[in-house]
Amino acid sequence: TIPAGSRLIFDDVGASGLIEMHTLGITVEGALEAGSPTCRVQGNIQITLHGEYGNPSGAVSDRHLSDAASSDMGLKGILVKDVLGARFDFHGKLYHPTWTRLAAPVPDSNILPSAPLVRQSEIFLQDCVDWPDAGRIIVTTSHVKDTRGYNFNEEAIIEVGGVACVTVDGRQYGKVTLASPLVHYHHAGEKEYQCEVGLVSRNIIIQGNDHSDSTDNSPLECDATVSGWTKMPCPNTFLTGFGGHTIVVGQAEGRLRGVEFYRMGMTNIMGRYPVHFHHQLREAGAVSEVTDCAVHRSYFRAITIHDAFNLKVQRNTAFDISGHAFYLESGVEELNRVEYNLAAFVHPINGAQLMASNVVGNKFQSDTILVPADHTASGFYISNVHNYVVGNAASGGWSGIQFPVLPQPADKTLRYSGIVPKDRPSLHIAGNSIHSSSWFAANSGGMYEGGSLYWDEADLDSETLIYNAGRVSSSRLTRYTTDDNGNDDWLRIYNTTVWLVSEYLGLGVLLVLKCL
C-alpha cells in the first residue's frame with residue numbers, strides 16, 4: 001500500500017535500462033508515478049501482477065482465485081482508492097502515431113502473386129512513424145469473418161533499423177521492415193479502404209503473469225447452430241482468463257500515457273478490466289486520461305468507463321480482446337472523448353449470437369456470461385451517445401461500433417437514478433471507420449444501433465440482466481431521442497466509412513435516425 005501523502009516513484013533509467021517489479025497488487029492512497037505530464041519516461045519499466053507467489057497450489061492458472069478477486073479489488077491489480085489526492089501517473093515514451101493504415105497492399109500467393117516477395121517484409125504506411133527497433137506491430141485482417149478460428153490478422157516484429165520515412169511522388173510515407181515476412185494479404189486500395197497497422201509495444205508494461213491465459217482454449221470453432229453459417233466461436237471456451245487489472249475509483253485521478261497492458265482482465269469478473277475508471281467524480285475525470293496506450297491479449301475488455309465523465313480516451317490500440325473493447329459500462333457515462341482509437345480482433349464471450357433475422361431470443365446473465373451483451377462483443381460499445389466518438393477504427397467484432405438500447409443504467413446501484421441512457425442526444429459521432437465485422441448476423445451492420453440490455457421491469461430488485469440482440473416490439477425498448485430541453489432529436493452520425501461488412505448500418509429497434 002502507498003499511504004495517503006506518500007509517493008512511489010519509478011526512476012528513469014534511460015533507454016537501455018530496465019526496472020522490474022513483481023507484485024501481488026498495489027493499493028494506492030497516495031501517488032504511483034513514472035514520469036510526469038511534462039517529462040515522459042524514456043527507460044523501460046515492467047510491472048508483473050501475480051495472483052500468488054510460488055504457485056503453492058501447483059495450478060497452471062490463477063483462475064482458482066476468482067472468488068477472492070470478486071471481492072478484493074487489489075488482488076492481482078493496481079487499485080487507486082477513492083481518496084482525495086490519490087493518483088496513478090504513468091507517462092511512457094510517446095510513439096507517433098500509435099496506429100496508421102497501409103499505403104500499399106501486402107500480397108500473398110493468391111492475391112497479387114506476381115508482386116515482389118520483399119513486399120511481404122517491407123510494408124508501406126500512410127504516415128511516417130518513430131516506432132522502436134524490435135517493436136511488436138499488428139496488421140488487421142482483409143476478411144469479413146474475423147474469429148480465433150478464422151484469423152487473418154498478423155503480428156510481427158520490426159527489424160533493427162527497420163523504420164524509415166521515404167518520399168514517393170513528392171509525398172512522404174512510412175516504411176517498416178519486418179524481422180519475418182507476413183503471410184496473408186492485407187488490403188490497401190488507392191483512395192478507398194486500407195487495413196490498419198498498430199504498434200502494441202511500449203516502454204512501460206503492466207502485465208499479468210504467465211498463469212493468466214485461458215486454459216479452456218479449444219476448440220477454436222464449433223458447428224453453427226443456425227442455418228446459413230458453417231462454423232462459429234464455441235460456447236464454454238475462453239472463460240478462464242485471469243490476468244491483471246487496474247482500477248481508478250471515485251475522487252482518485254489517473255493519467256496513463258504510453259503504457260502497454262498485456263495479459264490483463266479477468267473474464268466475467270465484474271470490474272476487473274485492463275484499464276477501468278470506476279464511479280469517478282466529474283472533477284477527477286476532467287484531469288484524467290488514457291492516451292497513446294496499447295492493450296493486447298486481454299481476457300475482459302480493453303478500456304472501461306463506468307459512471308465516469310469528461311475522460312480523454314485517445315489514440316489507443318486494442319487488439320485480441322474478449323468482450324466489448326472500448327466500453328461505456330452502465331449507460332450514465334457522458335461528455336467523454338473516445339477519439340482516434342483502434343480496436344481489432346474482438347471476441348464474443350461464451351459464443352456469438354447468430355442472427356438470421358431481426359427476431360431472436362433473450363440471453364440472460366449467468367455464471368458463464370456476466371454481461372449477456374458480450375455475446376455481441378464489438379470494438380466500441382457506446383451505451384450513451386452523449387459523448388464524443390470521433391476518428392476511431394474498428395476491425396472485427398460482432399459489429400464495429402454498437403449503440404445498445406438501455407432503458408435504465410445497467411448497474412443495479414444506478415438503476416433508479418432517473419437516467420434513461422437510450423434517449424440521450426448524441427454529442428458528436430463522426431469520422432469513424434469499420435470493417436471485417438457483422439459476419440454473425442444477416443442484418444446487424446458494421447455499425448449497429450440495436451441490442452437491448454435491461455432489467456426485468458416487473459422485478460424491482462432483479463439481479464439478472466437480460467439482453468436481446470434483435471428487434472424488440474416494446475416502447476420501453478425503443479429509442480426516443482430528445483435534446484436537453486425534452487424536444488425530439490436525431491441520432492446523428494457523420495462521415496462514416498464501412499467496408500467488408502454484411503451491412504453498413506443495422507437497426508435493431510425502432511428509432512428516428514439521420515445519417516449525414
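How many salt bridges does the count come to by the rule used here? The count comes to 24 salt bridges, a salt bridge being a side-chain nitrogen of Lys or Arg within 4 Å of a carboxyl oxygen of Asp or Glu. The model is predicted: local features need pLDDT of at least 70, side-chain atom pairs count only at pLDDT 80 or more, and totals for chains, interfaces and linings use all residues. Residues are numbered from 1 along each chain as its sequence is written, and side-chain values use heavy atoms, with hydrogens and water left out.

**Figure 1. The whole protein.** The protein has 2 helices and 42 strands; these are DSSP runs numbered from the N terminus, helices being H or I with at least four residues and strands E with at least two. Its radius of gyration is 22 Å, close to the 24 Å that the globule rule gives for 516 residues, so the protein is as compact as a globular protein of that length. The radius is taken over C-alpha atoms, and the globule rule is 2.2 Å times the number of residues to the power 0.38. Along the principal axes, the C-alpha atoms fill a box of roughly 65 × 60 × 50 Å. Buried residues make up 61% of the 516 residues; buried means under 20% relative accessible area, exposed over 50% and partly exposed in between, with a 1.4 Å probe and protein chains only. Of the contacts (heavy atoms within 4.5 Å) with a separation of 6 or more, 77% join residues 24 or more positions apart.

Figure 2. Side chains of opposite charge can pair when their charged atoms come close. Glu 253 is partly exposed, at 24% relative accessible area, whereas Arg 255 is buried, at 12%. Through shared partners, salt bridges join Arg 7, Glu 33, Arg 87, Asp 89, Glu 253 and Arg 255 into one network.

**Figure 3. The largest nonpolar core**. A nonpolar core is a set of buried Ala, Val, Leu, Ile, Met, Phe, Trp, Tyr and Cys residues joined through side-chain atoms within 4.5 Å. The largest one holds 57 residues, of which Leu 32, Ile 78, Phe 88, Phe 90, Ile 206 and Phe 261 touch the most other members. Strand β5 (residues 44-49) gives the most to this core, with 3 residues. Beyond its neighbours within four places in sequence, Phe 90 contacts residues including Phe 10, Ile 47, Ile 204 and Arg 255. Another core, of 28 residues, lies apart from the largest one and has Trp 229, Tyr 327, Tyr 381 and Tyr 448 among its members.

**Figure 4. An open sheet of 6 strands**. The order is β8-β13-β10-β11-β12-β9, with antiparallel pairing; two strands pair if DSSP finds at least two bridges between them. The edge strands β8 (99-101) and β9 (122-125) each pair on one side only. Strand β10 (residues 136-139) pairs with strand β13 (residues 196-199) over 3 bridges, and Val 139 has Val 197 in β13 as its bridge partner.
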